[in-house]
Amino acid sequence: MTSLTYKPSRVVIIGAGAVGTTTAYTLLLRHRATELVLIDVNHKKAMGEALDMNHGLPFVGGVKIWAGDYEDCAGADIIIVTAGASQKPGETRIDLLKRNVGIFQDIIQKITKYNRDGILLIATNPVDILSYVTWKISGWDARRVIGSGTLLDSARFRYLIGSHKEIDPRSIHGHIIGEHGDSELPVWSLANIAGTSLDFDETERNEIFADTKNAASEIINSKGSTSYAIALALDRIVAAILLNESAVLSVSTLLQDTNGVSDIYLGVPSIVDRRGVREILDLPLNDEEKSLFKRSADLLKSEISKLDL
Ligand code: NAD
């Protein structure tokens, strides 16, 4: 007689705000894990959110969701961190840094007290610096500390190119790399549709990139926060990990001589599988892109140098 063993998959989300709850809801609808845990300093809010989602289970099924505590990180496959202060209108992501580093020093120590071998997925801004800070505080292998990076920016870029060309954005290959923020850059030299390079003129390129870069501010100015697309981006990373996909995603990861840049977390196309970031793709950037990428790295390094890590 064969015995069936059941191993639940658990995703913990720290921060039950706009991003955390929309991510939980997306993971729920897509049945990404059998257990979803919401943790928030405002436990009452996390409880209300979990209860609301539980009432949808008769329509979805197959998932256990609860508002938990850091003990629930034990055995979790992935811990997503969306906790922290969010961007106010007119505020840059770097402005958030000092507030969120303090919060992370507390949260990451609490997580790693109960979990040593999961994957930490960071979304809180400024995401590249906080991913680096998380890597330092946790002492984990950098492959298992991942930031959402420029995956969302790349999605916005692909969406906008697709709209101009009237082509499904899933058929557009294009990447935004570098900081998830003001110093990010579009890799126009490699953007393509089925290997065909894009015939945009300078004005169209500038317009598409400006719309990509300003998308977050535009949404924050109109509805207060961004949530749906980032939730889908986080869900995409979770799927790549739990399904061992080896998918190429522009996540934030520790660079070691990637296009001449080292010792910093930045968004670059990377191969993501069950172990986290398996490999970084060293893109054949042109000289202008290389120098912008280096500038983005230098900018973040100078911010990190002001921190007491
Ligand atoms: P929010 O204010 O709605 O939610 C933040 C939540 O964190 C709140 O529920 C708050 O109670 C909780 N929190 C604060 N301190 C905590 C602590 N010490 N422990 C546990 N929970 C704590 O904000 P949001 O709109 O959900 O945004 C969350 C973060 O995600 C922000 O930093 C935002 O800039 C970032 N974000 C990143 C991306 C990306 O592409 N990486 C996209 C959108 C938003």
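Tutor: A residue is called buried when its relative accessible area is under 20%, exposed when it is over 50%, and partly exposed in between. Please keep in mind that this is a predicted model.

Student: Which residues of α10 are exposed, then?

Tutor: Asp 287, Glu 288 and Ser 305 are exposed. They are on the other side of α10 from its buried residues, which are Glu 289, Phe 293, Ser 296, Ala 297, Leu 300, Glu 303 and Ile 304.

Student: And where do the buried residues fall, seen down the axis of α10?

Tutor: They fall within an arc of 120°, so they line one face of the helix.

Student: What covers the buried residues of α10?

Tutor: The cover includes helices α4 (97–114) and α5 (127–138), together with strands β8 (176–177), β9 (185–186), β12 and β13 (264–273).

Student: What span should the 19 residues of α10 have?

Tutor: Helix α10 covers residues 287–305, and at 1.5 Å a residue it should span 27 Å. Its end C-alpha atoms are 27 Å apart, which agrees.

Student: What is found at the start of α10?

Tutor: There, a side-chain oxygen of Asn 286 comes to within 3.2 Å of the backbone nitrogen of Glu 288.

Student: Turning to β12, is Thr 253 buried or exposed?

Tutor: Thr 253, which is in strand β12, has a relative accessibility of 3% and therefore counts as buried. Apart from residues up to four places away in sequence, Thr 253 touches Ile 264, Tyr 265, Leu 266, Val 268, Ser 270, Val 277 and Ile 280.

Student: Where is Glu 245 found?

Tutor: Glu 245 is in the loop between α9 (228–242) and β12 (247–255). Its relative accessibility is 32%, so Glu 245 counts as partly exposed.

Student: With which side chain does Glu 245 make a polar contact?

Tutor: The partner is the side chain of Arg 236, at 2.8 Å. Leaving aside residues up to four places away in sequence, Glu 245 touches Arg 236, Ala 239, Ala 240, Val 272 and Asp 273. Glu 245 and Arg 274 are 29 residues apart in sequence, with their C-alpha atoms 7.5 Å apart in space.

Student: One last topic: what is the order of the open sheet of 3 strands?

Tutor: The order is β7-β10-β11, with antiparallel pairing. Strands β7 (172–173) and β11 (196–197) stand at the edges with a single partner strand each, so one side of each has no neighbour in the sheet.

Student: How many bridges do β10 and β11 pair over?

Tutor: Strand β10 (residues 192–193) pairs with β11 over 2 bridges. Ile 193 stands opposite Thr 196 in β11.

How values were computed
Residues numbered from 1 in each chain as written. Predicted model: local features only at pLDDT ≥ 70, side-chain atom pairs only at ≥ 80, totals over all residues. Heavy atoms only, no water. Pairing = 2+ DSSP bridges. Helix = DSSP H or I, 4+ residues; strand = E, 2+ residues; numbered from the N terminus. Buried < 20%, exposed > 50% of the residue type's maximum accessible area, 1.4 Å probe, protein only. Contact = heavy atoms within 4.5 Å. Polar contact = N/O pair within 3.5 Å; in protein donor to acceptor, adjacent residues only side chain to side chain. Expected span 1.5 Å × (residues − 1). Arc of directions from axis to C-beta.
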